[in-house]
Amino acid sequence: MKNNKSTVQDHFGTLKVEKNLKTQEFGLREQAEQYPMMLVLSFVYPCNALCPHCPYTNSSIRKEYKDMPFMPDEVFKKIAHESGPFGSYLRISGGGEPMLHPNVCELLIYAKKKGCKIGLITNGSLFNEKNLKSLIDAEIDLIEFSVDADNEKDYEIYRKGLNWETLNKNVVQALKYRNLTKSRTKIIVSAVNQQGVNIDSIEEYWVKKKEVDYIIKRKYLSWGNNTEIDQTKSADPAPYTDTESTPCPFIFERLNIDSRGNVMVCGYDISANTSMGNVMKQTIKDIWHGEGFKFYRDKHLNNKGSEISMCSKCPDWKYRSWTHNYWKVVREADKVWYKKIKNIDSEEDFLVTKKS
């Protein structure tokens, strides 16, 4: 079923696609008709934290990737080479802390030069002046600090193993250097809306006080049978999507790739039980248009997604939204960035005029 979508372009040249709310039709998003808009990469599996809400802390998945803890350079570069011409987002995430990868800066800068957009998700503990400046100078698109707290006591619980002062120092350093250089890198934070924290206080601290560009308020996800996470700890279980009438948007816009180059059907399958193909044996474009994805899309478009065993057991489908998503984050962060840089330019013009 083809989706009749309207496309507009903002002052950054960012394409915005909106679902036709009148017809309630769905399909491949316009930017994903040839190639996925986003590739979520399990870039690393090791981590220096033990966050209680993390699916990798609460599963044996990391043990299963002991043979390939880091995505090899050749796998990453092939992904970047194929994705660059389409301007696709590479979400640098996975089962651990991306900054632990021995070649993280070199690879992210390589992908950016190839034309990829880069969204780095990090706990922020391993930044130093050199690596932080190199990424901001390369204008990677988003640096997302996972914070989950607005005070040291909560941080020690929900970001176990990390240091509150280090996080604050690195966020401030990133903002100062970005503003100084007027880099296009957006600095945002994210927090999981879970029992024991006040999500509004977290927003107040990081957005109002620290002046980051945006906050992502994440749902508390369980990843079903992949983990042992207790879903009752969610502080906001309200769904975004009616799964009986709405297909999951992920299979129409993005795919997930593990460190071995295997493509999973979606982010729910962090255990890699599905295999759509391997990027070292096929092109990503061929995988995207292959029979595997076609099967899932056809089922979902015909309101038969629940007939698929994995989808019927997915407790997180209801939190996948066609409108409240990463593309909204990008747009909102862009707006804040633009205002900040414009204000900096105005202040500089004022100082020059005053000196004259």
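Visitor: Which residue in β10 is the bridge partner of Asn-256?

Guide: In this predicted model, Asn-256 has Met-264 in β10 as its bridge partner. Strand β10 (residues 262-264) runs antiparallel to β9, and two bridges join them. The two strands form a hairpin with four residues between them, and Gly-261 in the turn has a positive phi of about 95 degrees.

Visitor: How should I read the two faces of β9, and which residues lie on each side?

Guide: In a regular strand, side chains alternate between the two faces of the sheet. In β9 (residues 254-257), Arg-254 and Asn-256 lie on one side, and Leu-255 and Ile-257 on the other.

Visitor: How are two packed helices described?

Guide: The description uses the angle between their axes and the distance between the axes. Here, the axes of α4 (residues 129-137) and α6 (residues 164-181) come within 10 Å and cross at roughly 40 degrees. The two helices are therefore oblique to each other. The crossing of α4 and α6 is right-handed.

Visitor: Which residues meet where α4 and α6 are in contact?

Guide: From α4, Glu-129, Leu-132, Lys-133, Ile-136 and Asp-137 meet Asn-170, Gln-173, Ala-174, Tyr-177, Arg-178 and Thr-181 of α6. The residues of this contact divide into four nonpolar, three polar and four charged.

Notes: Residues numbered from 1 in each chain as written. Predicted model: local features only at pLDDT ≥ 70, side-chain atom pairs only at ≥ 80, totals over all residues. Heavy atoms only, no water. Axes fitted to C-alpha atoms, helices over the stretch in contact; angles between N-to-C directions. Parallel < 35°, antiparallel > 145°, perpendicular 65-115°, else oblique. Left-handed = near helix turned anticlockwise from the far one by under 90°. Contact = heavy atoms within 4.5 Å. Nonpolar A, V, L, I, M, F, W, Y, C, P; charged D, E, K, R; others polar. Buried < 20%, exposed > 50% of the residue type's maximum accessible area, 1.4 Å probe, protein only. Pairing = 2+ DSSP bridges.
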